[in-house]
Amino acid sequence: MPGSVVVALIVAAVLMVGGLVVLGIPGAIYAVVTAPVAELLRGLPAGSLLSGDRAWPLAIVMTLAVPPALPLAVWLVGWLRPAAGWVEAAAWVVGGVYLWALAVVVGLSF
């Protein structure tokens, strides 16, 4: 699995640098997917995390905070579930990155 971790590191670096070049669009995608759940967890009104002047800084921070979870999730899946097929491994990685993004949004919502 070390080869896949290297690929995940490269993808994470491209998402971070490329995300800053395009002014946080990847972070906006992460935020749009996780903000409704974070609002439910915090008991905030719907749409309050992505309204007005909060949206762009949140997208920039998410662009920088979420991609480092990708290599970590790939490494953990390879370590904890070495016999997993690619579909199961991909599902674990996506779930892990989503939970990381949700934790970041909840942390930034205070």
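Predicted model: local features only at pLDDT ≥ 70, side-chain atom pairs only at ≥ 80, totals over all residues.
The lining of the largest pocket is made up of ten nonpolar residues, two polar and one charged. Numbering runs from 1 along each chain as its sequence is written, and side-chain values use heavy atoms, with hydrogens and water left out.

The pocket's volume comes to about 220 Å³. Of its 13 lining residues, Ala73, Leu76, Val77, Trp92 and Gly96 are the closest to the centre. A pocket here is an open set of points on a 1 Å grid over the protein atoms alone, where a 1.4 Å probe fits, with protein on both sides within 12 Å along at least five of seven lines; lining residues have an atom within 4 Å of a point. Points are joined across faces, edges and corners, and the volume is the space filled by probe spheres set on them. Helices are DSSP runs (H or I, at least four residues), numbered from the N terminus.

Now the aromatics: the count is one pair. Tryptophan 75 and tryptophan 79 have ring centres 5.5 Å apart and planes at 10 degrees, so they are stacked (centres within 6.5 Å, planes under 30 degrees apart, using the six-membered ring of Trp). Both sit in helix α4, four residues apart, or about one turn of the helix.

| Residue | Relative accessible area | Class |
|---|---|---|
| Tryptophan 75 | 44% | partly exposed |
| Tryptophan 79 | 57% | exposed |
| Serine 109 | 13% | buried |
| Isoleucine 10 | 51% | exposed |

Serine 109 lies in the segment after α5 and touches Arg42, Leu44 and Leu49, leaving aside residues up to four places away in sequence; contact means heavy atoms within 4.5 Å. Arginine 42 also lies over the face of phenylalanine 110, 4.1 Å from the ring centre (the cut-offs are CZ of Arg within 6 Å of the centre and within 35 degrees of the ring normal).

Isoleucine 10 belongs to helix α1.

How values were computed: Nonpolar A, V, L, I, M, F, W, Y, C, P; charged D, E, K, R; others polar. Phe/Tyr/Trp six-rings, centres within 6.5 Å; stacked < 30°, edge-to-face > 60°. Helix = DSSP H or I, 4+ residues; strand = E, 2+ residues; numbered from the N terminus. Buried < 20%, exposed > 50% of the residue type's maximum accessible area, 1.4 Å probe, protein only.
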